[in-house]
Amino acid sequence: MSYQVIARKWRPQLFGEVVGQSHITTTLRHAVERDRVGHAYLFAGPRGVGKTTTARLLAKALNCVEGPTPDPCNSCEHCRAIAAGADVDVIEIDAASNRGIDEIRSLRENVKFAPAASRYKVYIIDEVHMLTREAFNALLKTLEEPPAHALFILATTDPDRLPPTILSRCQLLTFRRIPTPEIAELLRRIAAEEGYELEEEAALLVARSAGGAIRDAESALEQLFAYAEGGITADDARSVLGKVNLDELAALTGEVQAGEAAAVVARCGAIVDSGVDPRVLAEELLAYWRDCFLLSLGGESAKTAELADAEVAAGLETEAWLALLSSLRRTLVELKASRQPRLVLELALVELSQLPRLIPVAELARRLAASAPAPQPADVKKKPLDAEEAAPPEPRPAAGEPPVALEPFDGREFLRRIKRRNATLGALCAGAAELELLDDDVVRLRFAPRNAFHQRGLRKLENVRLFEDVTAELYGRRLIPESVLDDALGGDDDAPEPSAGRGDADIAGLPAAERRAVETVRDYFDARLIRIDKKG
């Protein structure tokens, strides 16, 4: 085939043509100029940012007939052969498919021979992290002390997988992702040279979709050349790349801000029905909200926002944007493993539409603090719990109603309120023989050995937190339960008498174990005992 794809046709042939890696090219140019080229380099960085291309440029700079020179002529036999990948003295090895010790042993034997026609023999090992441990060990000595005519350039996308012994023998040069504006400028220049008119917004769309990789951007541009006829618009780019229109993202964001769940589902469905994958929609929305978040921060951060506008970003506070971003990011992880991505995304967006309407934690704390009574010194009193007066159910306080007073502390009244508010917690506390309020907002509950089950239950972390939450709601103060098992309170023969004044049937004649069981069930459900039927 005579046609050459864009990525190969527009591969840089000089250090000055490499985009976005000036820190690398400047280092290598100076090394060539000052005759300080190392014997081994490690080029690390993401895919498609120019690692192999730069390795070939370094080989060309060293082997050019006019060199070594940082500006090779590109017309001599060596420059043309290296550019075409046909130079016998520039050996490129794919470590992903040549990763064993036998291949490295062969390399170690061949590196001893002088170059066939060039000044240096250059070994470019791509994806070097794929080599086996044995292969790395075989390479160590040669990599540390190669012949004077040999140069090693290792390239990898995952430098953390390389042994420290390899890293210590190389000069590490880290390649960066290319900024979106620089990729967009390169794409417009390529399009103009190829006879196409590329809109600025379309160039930005392609550049953003590449994620900082020029090779990916050039491949996407190749698709657009095949799709369009002369002019390439932003709509063409969205159609080919499967991207969502910014107006649609802004409208969907506005509906989430307004809490319009039905409109959110309808618009999400319309976008997906148009051919956009739900996962792509989630990624696009996450990028859009990220820019909204940066705009809400203001200052230097706002300058990096490329998608959102100030009007949409001003619709929510910074804290709300942060909550939306965190939730959508977790949804994106779930989408990747789901077989029903559309349903997952719709449910997630409906939930997210309610987030902006929630009261911030700081505001809720301020309201609680404003409604709580001023704390008073605690009056430590002990009350036996062997008698509890019947009382009608206490209604829950209305929203905004101040909490009830805690002092003077009445153990029976305290227990009654706990049981009205939370039956499970009340059942655990009902097993205590004594309650007392200490000065440091600690409620000490003393349990007899026969009620060890209640004492252990109240010591569980979830019940401690429940106790604190309930008391904070009732009294405006978080009280901490201290459950103590006290042998002095007696054993099985010292079971407490039945509660007085409850209108219960007489259970005094029951055995101690049965009496305790009946009392536990009665207290748990806050019930009255009507009659006792003895069978069997």
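F414 counts as buried because its relative accessibility is 1%, where buried means under 20% relative accessible area, exposed over 50% and partly exposed in between (1.4 Å probe, protein chains only). The structure is a predicted model, in which local features need pLDDT of at least 70 and side-chain atom pairs count only at pLDDT 80 or more, while totals for chains, interfaces and linings use all residues. Residues are numbered from 1 along each chain as its sequence is written, and side-chain values use heavy atoms, with hydrogens and water left out.

A pair of aromatic rings is described by the distance of the centres and the angle of the planes. Rings of Phe, Tyr and Trp (its six-membered ring) pair if their centres lie within 6.5 Å; planes under 30 degrees apart count as stacked, over 60 as edge-to-face and the rest as tilted. Eight aromatic pairs are counted by this rule. One of them, F414 with F467, is tilted, with 6.1 Å centre to centre and 50° between the planes. This pair links distant parts of the chain, as F414 lies in helix 19 (residues 411-421) and F467 in helix 22 (residues 461-475), 53 residues apart; helices (H or I, at least four residues) are DSSP runs, numbered from the N terminus. F467 is buried, at 0% relative accessibility.

The rings of F414 and Y475 are stacked because their centres are 5.8 Å apart and their planes stand at 15°. Here too distant parts of the chain are linked, with F414 in helix 19 and Y475 in helix 22, 61 residues apart. Y475 is buried, with a relative accessible area of 4%. One aromatic cluster is formed by F409, F414, F467 and Y475.

Methods
Helix = DSSP H or I, 4+ residues; strand = E, 2+ residues; numbered from the N terminus.
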